[in-house]
Amino acid sequence: MGSAEEAHGWTVKLSTPSVLAVVTVFSMIPGGVLSDMRGTQGLEAQQLAQGSTHLHRRLKRGWIWKQLFVPEEDPTLRVIGQLKSDFDRGEFSIKYILSGEGAGDVFEIDEYSGEIRTLKKLDREEKAFYILQAQAINRRSNQPEEPQSEFIIKVQDINDNIPQFQNEPYVSSIPEMCPIGTTVAQVTATDADDPMFGNNAKLIYSILQGEPYFSVEPKTGIIVTSWPNMDREARDQYLVVVQVKDMLGLSGGYSSSTTVTVSLSDVNDNGPTFQHHLYTFAVAENAAVGTTVGRIMAEDGDIGINARMTYSLEDDLEESSTFIIQTDPVTQEGVILLVKPLDYESKRRFVIAAEAVNDHVDTRFLSLEEFRDRTTLKIVVEDVNEPPVFLSPLYEWKVPENAAMGTTLGSVSARDTDVVNNLVRYSIDKRSDTTKAFKIDPNNGTITVAKALDRETSNWHNLTVEAKETTQNHLSSSVVVFIKVLDINDNVPRLARDYQPYICEGTQAGELIQMLSAVDPDDPAEGHHFYFSMVPEKHINPNFTIRDNQDNTAGIVARRSTFTRKDRTQYLLPVVVADSGSPALSSTSTLTISVCSCQPAGHCPTGGVEALALSMGVSLQTLVGILVCLLTLTADLLS
């Protein structure tokens with residue numbers, strides 16, 4: 001091989017379908033040169049230890065390997081290169097060994113010749129390169145002729161992948177009337193091929209469908225508008241088909257496409273417009289307040305907030321404000337409502353101007369005046385045959401309870417408000433005057449007293465008076481007449497209850513025996529005032545007197561102190577009660593005052609029983625004995 005100073009090394013043959021190259025190298029890692037002094041020194045030390053007589057003195061050893069290439073997807077099993085040591089003289093004394101990624105599975109080496117061949121077709125997208133180690137062993141000494149070195153077999157890309165769009169589906173929205181060049185969306189595609197090798201993964205975008213409204217930037221995939229004033233009201237959606245090609249769009253490449261759905265969002269570029277200059281409605285004169293008279297609609301090509309509008313009415317010439325208009329929030333219609341009662345005989349027609357105005361305006365597209373429109377409403381009032389109408393909603397009169405029969409209380413009046421003005425007849429509803437205390441003139445509505453009145457029996461009379469037309473329809477209405485019966489002093493005052501006074505033995509003169517009060521069914525305006533007194537006699541009553549308290553009460557007072565049951569058991573006392581009426585009325589009641597043996601607290605223990613015994617002229621003990629005998633006899637009869 002040469003002198004001891006001569007360098008030795010590997011020889012690598014690269015096999016490709018059209019090229020055979022021979023490269024002499026020193027040490028190999030991808031893309032670099034490294035010294036391998038440590039490996040060489042180790043080999044020399046090993047040879048010295050074994051007493052080798054063939055020792056080459058090396059100054060420096062290094063190995064440079066270039067990458068080997070294998071085209072992907074090649075089904076042909078082929079030799080892709082050859083490793084050969086400088087010590088190999090063709091005598092098959094060198095054994096070549098291959099290890100590392102894919103050794104024995106994907107690649108194999110001929111141990112005699114050093115040829116490296118593929119065992120199956122490769123896919124770059126699955127694995128792009130393989131790192132392997134090669135070693136040359138002397139078959140005789142089984143010692144390495146060269147230190148182990150690494151090299152790379154790279155799988156060479158071919159265009160075998162279709163570009164794929166990411167993030168599908170694509171949906172975008174842009175405002176209508178947007179300027180040319182407005183960005184719509186960006187589509188993005190990827191290609192699994194090697195972007196560093198040729199044009200396999202270099203992509204170009206183009207429009208297949210959507211021109212002339214849209215265009216796409218070939219390299220970035222950004223879609224922009226290319227047509228001015230796109231109108232949503234004319235067309236609100238577009239389907240843009242974008243194609244992507246690899247190989248920079250050259251023939252033989254792959255392509256795919258995607259669809260971008262582009263919607264035009266609304267802007268306020270339309271104002272409200274009435275379809276008619278005049279709208280006519282009819283409403284009955286008896287329609288209730290709040291009745292819907294009709295609806296009008298101003299058309300607006302926009303949608304959503306841009307189509308919202310407010311309606312308003314201008315008062316008619318009389319400025320009656322009989323109607324209002326409100327916006328239906330769902331349909332955006334103007335709803336005309338009645339807010340005041342109608343009367344055909346007073347006003348038969350209304351002519352009103354109506355206006356619709358957009359709530360939200362955008363002066364970029366229209367002037368302020370173009371966001372409003374006007375029309376005219378004609379509302380005709382229809383005549384309805386109405387019942388008579390009373391001139392007053394109710395009547396209230398007063399009459400003294402001693403009014404004579406035939407006394408006039410007043411008159412009710414009703415008229416037919418229709419154009420024909422039919423005659424009206426009056427009557428009293430029998431259910432409201434069951435006693436028939438009043439009567440009414442059917443022609444003029446005059447009400448008079450028909451029967452004697454008594455305030456104490458009924459102080460109010462509520463009559464229902466009916467007014468009925470004399471026409472065939474006999475339409476009628478009614479009104480309430482309140483009659484208050486005024487009081488006169490026609491009832492005498494009386495003691496409030498049936499008093500049973502008693503006086504205890506030992507009562508002192510001047511002591512109060514009984515409190516008295518009175519009642520009177522009358523109801524004088526100034527209130528009651530009663531006067532209590534004794535019946536005038538020739539001689540003053542020596543036993544009792546009546547003290548008037550001037551508050552509608554009086555008291556019976558003892559005149560002396562010597563009352564005993566043995567002397568007398570009862571006393572009669574007439575009491576006079578008078579009222580303050582004009583003329584004054586009075587009544588006399590005679591009270592029976594019993595003498596009682598009272599308990600220390602002043603209570604009569606037996607009350608009426610003792611008084612009964614005394615009135616019969618027997619003692620209390622005798623009366624009790626009689627009662628016991630009666631009870632015994634009753635018990636025997638029952639047994």
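**Close-up 1. Aromatic pairs, starting with Phe274 and Tyr311.** There are 13 aromatic pairs in this structure, which is a predicted model. Here we zoom in on one of them: the rings of Phe274 and Tyr311 make a tilted pair, with 6.3 Å from centre to centre and 55 degrees between their planes. Phe274 belongs to strand β19 (residues 273–274) and Tyr311 to strand β23 (residues 309–314), so this pair ties together parts that sit 37 residues apart in sequence. Both Phe274 and Tyr311 are buried.

**Close-up 2. Phe544 and Phe563, a stacked pair.** These two rings lie 5.4 Å apart, centre to centre, and their planes are 20 degrees apart, making the pair stacked. Phe544 is in strand β41 (residues 544–548), while Phe563 comes from the loop between β42 (553–558) and β43 (570–578), so to speak a link between distant parts of the chain, 19 residues apart. You'll find Phe544 buried, and Phe563 buried too. Phe563 also has a charged neighbour: Arg560 lies over the face of its ring, 3.9 Å from the ring centre.

**Close-up 3. A cluster of rings.** Four residues come together in one aromatic cluster here: Tyr213, Phe214, Trp227 and Tyr238.

**Close-up 4. Lys127 over Tyr130.** Here's a lysine above a ring: the charged end of Lys127 sits over Tyr130, 5.4 Å from the centre of the ring.

Close-up 5. The structure has one cavity of 30 Å³ or more, and the volume of the largest cavity is about 50 Å³. Its lining is made up of Val70, Pro71, Asp74, Thr76, Arg78, Thr118, Lys120, Lys121 and Leu122. Sorted by type, the lining of the largest cavity has four charged, three nonpolar and two polar residues.

Notes. Residues are numbered from 1 along each chain as its sequence is written. This is a predicted model: local features need pLDDT of at least 70, side-chain atom pairs count only at pLDDT 80 or more; totals for chains, interfaces and linings use all residues. Side-chain values use heavy atoms; hydrogens and water are left out. On a 1 Å grid over the protein atoms alone, a cavity is a set of points where a 1.4 Å probe fits but cannot get out, and a pocket is an open set with protein on both sides within 12 Å along at least five of seven lines; lining residues have an atom within 4 Å of a point. Grid points are joined across faces, edges and corners, and a volume is the space filled by probe spheres set on the points. Ala, Val, Leu, Ile, Met, Phe, Trp, Tyr, Cys and Pro count as nonpolar, Asp, Glu, Lys and Arg as charged, and the others, Gly among them, as polar. Rings of Phe, Tyr and Trp (its six-membered ring) pair if their centres lie within 6.5 Å; planes under 30 degrees apart count as stacked, over 60 as edge-to-face and the rest as tilted. Helices (H or I, at least four residues) and strands (E, at least two) are DSSP runs, numbered from the N terminus. Buried means under 20% relative accessible area, exposed over 50%, partly exposed in between (1.4 Å probe, protein chains only). A charge sits over a ring if NZ of Lys or CZ of Arg is within 6 Å of the ring centre and within 35 degrees of the ring normal.
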